[in-house]
Amino acid sequence: AILEVERTTLFLVDRDQQQLWSQVADDAAPIYVPWDKGLVGRAFTQKQVLNVPDAYDHPDFNKEVDQSTGYRTRSILCFPIQNISGEVIGVIQLINKERGLNFTGQDLELVTAFAAQIGMSIEYCTNYDKLRNLHENLQSKHQTLLEMMHRMQDLISCSQPATLFRATQRAATQVLRARSAAVYLK
């Protein structure tokens, strides 16, 4: 244990819901915190590192969590995680430096390096997902265009108006993935 803490939580930003969330364990319900509440909220909104030696002395500390769990929080270090553009995308929260000590400048240096790596990893994963979705969307559109080209070739080869009409209907139905199609001529 490099930092020697009892607990560490990574909170990620949900901009649509204006909250921070964390999945502590696979079988546990996620934790949701309004992004302007508590110590993690302050670290997020103010882009500020919070080194709190006594959690119960800080006005933003939510004592209810300790009361409901029976856990005793002593010291907290909250560190905003930023992407390459400097936008805060999460907060890492370390709780209770072991042996009753407070967080030190050396701890802060380690968390700074760790948070930079986390920020790059989160951004990489987010961008990868966006690129994968874009790629899938482009593949679908490419397939639709290929289908349209094949149907156009079929239409070009038609010499009779009735055959052209039926081929146009068939092509429209297939390309648009419709149950039926109507063609109106003027």
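A: The model is a predicted one: local features need pLDDT of at least 70 and side-chain atom pairs count only at pLDDT 80 or more, whereas totals for chains, interfaces and linings use all residues. Residues are numbered from 1 along each chain as its sequence is written, and side-chain values use heavy atoms, with hydrogens and water left out.

The side chain of aspartate 60 meets that of arginine 42 in a salt bridge, at 2.4 Å from N to O. Because aspartate 60 sits in the loop between β4 and α2 (63-69) while arginine 42 belongs to helix α1, this pair ties together parts that are 18 residues apart in sequence. Helices (H or I, at least four residues) and strands (E, at least two) are DSSP runs, numbered from the N terminus. Arginine 42 is likewise partly exposed, with a relative accessible area of 27%. A salt bridge here is a side-chain nitrogen of Lys or Arg within 4 Å of a carboxyl oxygen of Asp or Glu, and by this rule the count comes to five. In general, side chains of opposite charge can pair when their charged atoms come close.

Two further members of this set deserve attention. Aspartate 107 forms a salt bridge with lysine 97, where the closest N and O atoms are 2.9 Å apart. Since aspartate 107 lies in helix α3 and lysine 97 in strand β6, the pair ties together parts that are ten residues apart in sequence. Both aspartate 107 and lysine 97 are buried. Arginine 99 forms a salt bridge with glutamate 4, with 3.0 Å between the closest N and O atoms. That pair links distant parts of the chain, 95 residues apart: arginine 99 in the loop between β6 and α3 (105-156), and glutamate 4 in the segment before β1. Arginine 99 counts as exposed, at 62% relative accessibility, whereas glutamate 4 is partly exposed, at 26%.

A nonpolar core is a set of buried Ala, Val, Leu, Ile, Met, Phe, Trp, Tyr and Cys residues joined through side-chain atoms within 4.5 Å, and the largest one has 19 residues. Those with the most contacts inside this core are Leu20, Leu39, Val40, Phe44, Ile76, Cys78 and Val91. At least two core residues come from each of β1 (5-14), α1 (38-46), β4 (50-52), β5 (76-82) and β6 (88-97). Helix α1 supplies the largest share, four residues. Leaving aside neighbours within four places in sequence, valine 40 is in contact (heavy atoms within 4.5 Å) with Phe11, Leu20, Val33, Cys78, Val91 and Gln93. A second, separate core of 13 residues includes Leu3, Leu77, Val111 and Ile118. In soluble globular proteins, nonpolar side chains tend to be buried together.

Strand β5 connects several of these features. Six of the seven residues of β5 are buried, so that the strand is mostly covered. Strands count as paired if DSSP finds at least two bridges between them. β4 and β5 pair in the antiparallel sense over three bridges, and leucine 50 has cysteine 78 in β5 as its bridge partner. β5 and β6 also pair in the antiparallel sense, over seven bridges, with leucine 77 standing opposite leucine 94 in β6. These two strands form a hairpin with five residues between them, and glycine 86 in the turn has a positive phi of about 90°. Asparagine 83 is found in the loop between β5 and β6. With a relative accessible area of 13%, asparagine 83 is buried, and apart from neighbours within four places in sequence, it is in contact with Ile89 and Glu123.

Helix α3, the location of aspartate 107, also holds leucine 134. At 45% relative accessibility, leucine 134 counts as partly exposed.

Definitions and conventions. Buried < 20%, exposed > 50% of the residue type's maximum accessible area, 1.4 Å probe, protein only.
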